[in-house]
Amino acid sequence: MNETIVCAVGNVATRPVYRELASGPSARFRLAVTPRYWDREKNEWTDGHTNFFTVWANRQLAVNAAASLDVGDPVIVQGRLKVRSDVREGQNWISADLDAITIGHDMARGTSAFRRANRSDGGTAAQAAQPEPNWETPPGDPGAAASQQEPEPAAVT
């Protein structure tokens, strides 16, 4: 199946609207994407035309997006582009929607604190009980230190 996957970088324009549907959680918000370019005549950065996308998130992504996003947040959204045309009250309307695969804060423009979502299956409790591994390299011979370290068990979530 051919799909158009895009990555859009912009700002959250509307507060996410969260709904519990029969098919599972759903959230939507508007994303404003404004390109900037260097205007040689004015010798300054200039904003281009702002494009607005309706971003749709489903299931756990919807829950996390509704809890994490606020108006004005810089975000990166990757998803399937869906352009729709419609006739409403005699007028032609075109909308561009993104069926989100992933959403994240744009850390090129600020910081973010990640918090793993609580899961009902108890998987995070088992992970939280494990001690943090020692990432520091012991002083001395780097080859000998690598052979003395024990392998860490892989956690499957």
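Student: Is N43 buried or exposed?

Tutor: This is a predicted model, in which local features need pLDDT of at least 70, side-chain atom pairs count only at pLDDT 80 or more, and totals for chains, interfaces and linings use all residues. Residues are numbered from 1 along each chain as its sequence is written, while side-chain values use heavy atoms, with hydrogens and water left out. A residue counts as buried under 20% relative accessible area, exposed over 50%, and partly exposed in between (1.4 Å probe, protein chains only). The relative accessible area of N43 is 56%, so N43 is exposed.

Student: In which loop is the place of N43?

Tutor: Strands are DSSP runs of E with at least two residues, helices are runs of H or I with at least four, and both are numbered from the N terminus. N43 is a residue other than glycine with a positive phi, near 60°. Its place is in the loop between β4 (36–39) and β5 (44–47).

Student: Where is the place of R59, which has a positive phi although it is not a glycine?

Tutor: The phi of R59 is about 55°. R59 has a relative accessible area of 58%, so it counts as exposed. The place of R59 is in helix α1.

Student: What pattern does the protein follow when read along the sequence?

Tutor: The protein has three helices and eight strands. Read along the sequence, they follow the pattern β-β-β-β-β-β-α-β-β-α-α.

Student: What percentage of the residues of the protein count as buried?

Tutor: The protein exposes about 12100 Å² (Shrake-Rupley method, 1.4 Å probe). Carbon and sulfur atoms supply 50% of that area. Of the 157 residues of the protein, the part that counts as buried is 22%.

Student: How many aromatic pairs are found in the whole structure, and why is the pair of W38 and W45 given its class?

Tutor: The search of the whole structure finds one aromatic pair. Its rings, those of W38 and W45, have their centres 5.6 Å apart and their planes at 75°. Rings of Phe, Tyr and Trp (its six-membered ring) pair if their centres lie within 6.5 Å, and planes under 30 degrees apart count as stacked, over 60 as edge-to-face and the rest as tilted. The plane angle is therefore the reason that this pair is edge-to-face.

Student: What is the relative accessibility of W45?

Tutor: The partner of W45 in the aromatic pair is W38, which is partly exposed with a relative accessible area of 41%. W45 counts as exposed, because its relative accessibility is 51%.

Student: Which residues does W56 touch, not counting residues up to four places away in sequence?

Tutor: W56 has its place in strand β6 (residues 51–58) and is partly exposed at 32% relative accessibility. Its C-alpha atom is separated by 9.8 Å from that of V17, 39 residues apart along the chain. Contact means heavy atoms within 4.5 Å. With residues up to four places away not counted, W56 touches S26, A27, R28, D97, L98, D99 and A100.

Student: How far apart are the C-alpha atoms of S85 and S95?

Tutor: S85 lies in strand β7 (residues 74–88) and counts as exposed at 64% relative accessibility. Leaving aside neighbours within four places in sequence, S85 is in contact with W93 and I94. S85 and S95 are 10 residues apart along the chain, and their C-alpha atoms are separated by 6.4 Å.

Student: Which residues does D86 touch, not counting those up to four places away in sequence?

Tutor: The place of D86 is also in strand β7. D86 counts as partly exposed, because its relative accessibility is 39%. With residues up to four places away not counted, D86 touches Q91, N92 and W93.

Student: Which element gives the most residues to the lining of the largest pocket?

Tutor: The lining of the largest pocket has 20 residues, and the closest to the centre of the pocket are N64, S68, I103, F114 and R115. Both β8 (91–105) and α1 (59–68) supply at least two lining residues. A pocket is an open set of points on a 1 Å grid over the protein atoms alone, where a 1.4 Å probe fits, with protein on both sides within 12 Å along at least five of seven lines, and lining residues have an atom within 4 Å of a point. With seven residues, the element that gives the most is α1.
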